[in-house]
Amino acid sequence: MYNNNNNNNNNNNNNNNSNNNNNNNNKKKYVNSITINAIGSKFNGASFTYTELISDFNKYSKENNLNIKINLELYTEGNSTHLQSDYEGTLDYILSKKPPKYDIIFYDNIWSRRYSSYLINLKNVLPEEHIKLYESGVASQTCIVDNKWVGLPVTVDFDILYSNEKLLKKYNKTIPKTWDELINIGHEIYEEEKKLNNTDLVIYNGLFADTEVGTTSLTEFIYSFRENLNSKMPYITSTETIRALEMIKKIKTDLNIESEFKKDEMFTIDKLFSEKFIFLKFWYINSIPYISLLYSPLPGGKEGISGSSIGGFNIGINQYSTKINESIVALEYLTSKDIQKKYFAEKNMYSPIPSLYDESLCEKVNCNLFKDIQLIARPTNYSDDYKDYSQKFRKNVYKYLYGNETAINVLRMIEDLTKIYYLELKIEDTLVGLIIFLSCLVIIFIMLLSLLFPFIKKFKLYFNYLSLKSWFITITGCTMILCTSFVNFGLMTVYKCHLKLILSSIGLTLSLAPTLYKLIIQIPLNNKYSKWCKNIKYQFIIFLVMIDIIINSLVFTSHYEVIENKYEKIYQTCKLNKIFGEISLDLLLIYKLILTITMIFLSFIEWNIKSIKYNVQISSFCNYINILSLMLIIIFDRIKIENYILFNIIQCFIYTLISVSNYISLYGFRIIWRIIDKNKSEENQIIKNIINKFSSTSDSSNQKKCSSSTEYNGKISNVKNKILIMHFMTLSENDESTGTVSVEESNNTTILSCK
């Protein structure tokens, strides 16, 4: 017996040792587990929920040997060492720091866009089935930024209408389903209660205070005036939005509750718990004991239509975390269907997973309110700085609600906070877009139609200066420059930025290249450049265009950035975001200046050659306009223009000036001159005038005529003298000696002769 007892005791001791070893192993495993850090706010109303969820996960992790532990830090003013006093500002500071201190982030869902650049795309890391749990719920409004799932909802808040059950029963009234019903029922009950000296009664609070709750109230009220259940949020200047604002003002005026409208949430809480109200709008509270309340969705513009702004908090993962895999495991558990059911749905709180509300759950909780509520997110995606937008949004509305502005005026002010203005054919805002479009279209049509004139017998001799192909190239270049104005229509894109540069740069080169070629081969002195260019006309033009293409390719490597100029009316402009791109753009401008200055120089030395005198002198006009236009482009690129209409007018004017001046001075003046000469009586006289003024024999410099011998005293000692001699040189059409001019120097005498 003794031995048996000893054996039993030994066995028990062994078992105890084994259990202790297991416990020690478990403790050891837990001690050596990976700790991921989470942060939330103690002041956002969800801190108790965070604590419960984290505790649940840590227990689950321990039981399943996940070796992951979450350490939750709740932000308070006391433990913050940052200059920012608000949680959102602190998160900005924390998330920008590397290496990251926190892996999991709890944040208010209105800041999804604000933090989107710091958070990973959960759709890429979570199972597809997990994302689908949330796709049909509020997550589609509060968790997606630019097609990126930056978080999942943990808690969801929303506004409801609290009705005083005692008063409604006392006067045999029902819960109002429209705003008109609320006015009528509220007014009737208040008047009856006033007779009983119950004057400390609030008919309706509104919550149109100058805080974020005011934006919440305005958003849901406007949403309640949409056309039908499937309609989206009414556009800010729509008829529905105007009707919504008019109804808010009607409620304020008819019930004489302006002071109540301006009160904050603390006023509402006081009236709610003291039961001194008829109707109140406030966030949903799942249980308020000892108070006779009726819960219902907020009224709407028509029965069956309602609106309630979404509040609550999301959970996301810091993309700079070194423990992303462990954070994904934790987040998947914290947002699982079982957890949502356990901590929210079964506690009569709203869950962001719609599939939870099946028959089995609805037997335990009242699902009707959750199914009837019509949720809408606040306009958080309208601006990168939602806080600033929200303040301006409600301040503008309050100019109508509490002031003398009209509804449409304040709504247009709100529209201007985010609307990007650009040229368009609609005439609602301005006629400028339509005028510019039609003007450019008419000018292009005239330019293209004028290509027929060289084929008309009476005009043919006026266009002998260049070949038909050269004229076609010139007109193509002019129309390309003008087409740059069309790019300003509609929203600006990176593609459009590059297209504007390509059209203007290549267009200018094409418009000038044929004339530049002609000027080079007409140089009166014998030179190798004229001879070289003479036989490579089209290769020469292609070469000039290739320079444009190469420089534009350099600009492509830097990429344009479309920036928003946030003045009274926002408009977009293009900006190169790299120094290399700006250098490439400067190269392009220098290249255009070189082309233009070269043409001016060649026009100067050929200025008095009789056979081409008028061609050279009139065509040189465009060179000065081009230089002026390039200077204007440089100047206005550095000036901040606040008015989008003025900005587009200036841009279109400059490109039109370049296009039209090049067209008229290179091509169009020939048509005008022929029309002026149409009253000449004798055809021979006309032909003679044409020969004297415009003719230049084809593209060959061999057909020029010059004086047989001209002598200049003094030796040509420098280039300047040679240029001046060529400038004042006149080549007579009556001289029978043909050829180019050669310069011979001997005995301090310079002889210019034709060969």
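Hi everyone, let's start with helix α18, residues 407-418, where A407, V410, L411, I414, E415 and D416 are buried, meaning under 20% relative accessible area, with exposed over 50% and partly exposed in between, for a 1.4 Å probe and protein chains only. Helices here are DSSP runs of H or I with at least four residues, strands are runs of E with at least two, and both are numbered from the N terminus.

A word on the source: this is a predicted model, where local features need pLDDT of at least 70, side-chain atom pairs count only at pLDDT 80 or more, and totals for chains, interfaces and linings use all residues. Residues are numbered from 1 along each chain as its sequence is written, and side-chain values use heavy atoms, leaving out hydrogens and water.

What do the buried residues of α18 pack against? They pack against α10 (239-254), α17 (386-401), β11 (420-421) and β13 (570-576), with contact meaning heavy atoms within 4.5 Å.

Now the rings. Phe, Tyr and Trp rings (for Trp, the six-membered one) pair if their centres lie within 6.5 Å; planes under 30 degrees apart are stacked, over 60 edge-to-face, the rest tilted. That rule gives 34 aromatic pairs. Take W179 and Y204: their ring centres are 5.9 Å apart and their planes at 65 degrees, so this pair is edge-to-face. It links distant parts of the chain, with W179 in helix α8 (residues 179-195) and Y204 in the loop between α8 and α9 (212-223), 25 residues apart. W179 counts as buried because its relative accessibility is 2%, and Y204 does because its value is 1%.

Finally, F158, Y162, Y284, Y295, Y350, Y357 and F370 form one aromatic cluster.
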